[in-house]
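Open the structure in your viewer and switch to a cartoon view. Keep the selection tool at hand.

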Amino acid sequence: MVFHVKNNGIIYLIAIVIIVSTWLMAGAAIVLGWPILKIFGMVFIICKGIELIATMVGLSVDFRLAMALCKGRYVYDETGRMHHYQSLLRHVWEMPQMFVGYMLGMCRIIMGKVRKVETVWGVTFVVCEHAQNSCVGVSLGPIVNIASNKPHEESIRVLIQQDMGIYKHELGHTVDSLIWGWLYLLVIGLPSMVSVQMETMRIGHHKHCRLYAERWANRHGAWVMKQ
Ligand SMILES: [Zn+2]
């Protein structure tokens, strides 16, 4: 089956075709399209412009970390564990959350908060220092922003294999992103943000871990580990 080839060359080739096609479609939408298509095309071009500026600033602030994040969007799961279609869907199906995740990670690099960027199984982890004695994460498509009280500890690949709960949980959210696509921010992202705030403000004895999205992430994280 084409998506399970060992040689990632074909994946890169298909990805280049997809990326070039999205640019061409955005351009065509602006030139030829109906008003709604023109708006989509212009939003796409503006977002890409913002992304480019953030990348340039990030590279000038910390070349190594910014380059690792930039490249992470094109590093594919060499094991096929997340399935190769994940590598391709991210450029279209997961576009909104990948944009937000990338911007969040790059802004943190620019602010000097990031300690480590590592891509494991096609998912890029951006690790910041967290003053409190805990570890929290935000998954946006194939980009996971983590705040850890031990940001310098060993490789994330090793931590995942040692069954470090937070990393497994966030991998589960990347599966949710694959399932929900453009609806991910609405179905998972927004309710999760509200849920965290409710727990922090102690509204109605709410527990974030009981939210449906959190239970899904735990289940999907366990599924990824079994692959
Ligand atoms: Zn979660």
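Predicted model: local features only at pLDDT ≥ 70, side-chain atom pairs only at ≥ 80, totals over all residues.

Stop 1: Select the four strands. They form an open sheet in the order β1-β2-β4-β3, with mixed pairing. Which strands stand at the edges? They are β1 (114-120) and β3 (135-140). Each has a single partner strand, so one side of each is left without a neighbour in the sheet. As background, strands of a sheet pair through backbone hydrogen bonds, either parallel or antiparallel.

**Stop 2: β1 and β2.** Select residues 123-129, which make up β2. β1 and β2 run antiparallel and are joined by six bridges. Pick V120 next. Its bridge partner in β2 is V123.

**Stop 3: β3 and β4.** How many bridges pair β3 and β4? Six, in the antiparallel sense. Click C135, and find S148 of β4 opposite. Then go to the hairpin of these strands, where two residues lie between them. Select G141 in this hairpin: this residue takes a positive phi near 65°.

**Stop 4: the helices.** Finish with residues 95-110, helix α5. Which strands does helix α5 lie across? They are β1, β2, β3 and β4, and helix α5 runs at about 40° to β4.

Technical notes
Residues numbered from 1 in each chain as written. Pairing = 2+ DSSP bridges. Contact = placed C-beta atoms within 7 Å. Axes fitted to C-alpha atoms, helices over the stretch in contact; angles between N-to-C directions.
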